[in-house]
Amino acid sequence: LFSDVAGTLDTLKANGLSLGGITNGNADFKETALKDHLDFCVSAGALGKPKPAKEPFLAALELCGVPPENAIHVGDDIISDIVGAHSVGMRTVWFNPKETPLPEEHRGKVDATITEISQLATVVAGWAT
């Protein structure tokens, strides 16, 4: 877990946001350091449809009770996270700590790019206005 994750998630929750996770793996967020910071978790494996399929993202939207245009998905994988979330109409934030160039074919699918998790609160606050 990156050192700035817990504080950033606490800031977002304090601002009234519902926070959840979507995993393709077999990780149970309830047994990780994130357990006290997330409201829900979607296991794409349990759905039988891994990211970037729409189903995990739609399940997350249902659990948090917001339409896609009011949801933000943060991820580090262009295909699994960004393409998947974009396909259902979510805003996307690409966590890109290595500052990898964005492939041309995915331009327009990334709404914001951050290199540190602590930058997320500022991005979200900018969209709230």
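Colleague: Let's start with His-73. Where is its place in this model?

Modeller: You'll find His-73 in strand E3, which covers residues 72-75. Keep in mind that this is a predicted model.

Colleague: Is His-73 buried or exposed?

Modeller: Buried means under 20% relative accessible area. His-73 comes in at 9%, so it counts as buried.

Colleague: And what does the His-73 side chain make a polar contact with?

Modeller: Its partner is the side chain of Asp-81, at 3.1 Å. Leaving out residues up to four places away in sequence, His-73 also touches others, including Ile-22, Phe-57, Met-90 and Val-93.

Colleague: On to cysteines. How many disulfides does the count come to?

Modeller: A disulfide needs a pair of cysteine sulfur atoms within 2.5 Å. By that rule the count is zero. Take Cys-41: the closest cysteine sulfur, in Cys-64, is 13 Å off, so that is too far for a bond. As for accessibility, Cys-41 is partly exposed at 31%, and Cys-64 is partly exposed at 22%.

Colleague: Now the backbone. Which residues does a cis peptide bond join?

Modeller: The general idea is that most peptide bonds are trans, and most residues other than glycine have a negative phi. Here, a cis bond joins Lys-51 and Pro-52, with omega at about 20°. Pro-52 sits in the loop between helix H2 (44-47) and helix H3 (54-64).

Colleague: Which residue other than glycine has a positive phi?

Modeller: Glu-99 does, with phi near 55°. Look for Glu-99 in the loop between strand E4 (91-95) and strand E5 (112-114). With 59% relative accessibility, Glu-99 counts as exposed.

Technical notes: Residues numbered from 1 in each chain as written. Predicted model: local features only at pLDDT ≥ 70, side-chain atom pairs only at ≥ 80, totals over all residues. Heavy atoms only, no water. Helix = DSSP H or I, 4+ residues; strand = E, 2+ residues; numbered from the N terminus. Buried < 20%, exposed > 50% of the residue type's maximum accessible area, 1.4 Å probe, protein only. Polar contact = N/O pair within 3.5 Å; in protein donor to acceptor, adjacent residues only side chain to side chain. Contact = heavy atoms within 4.5 Å.
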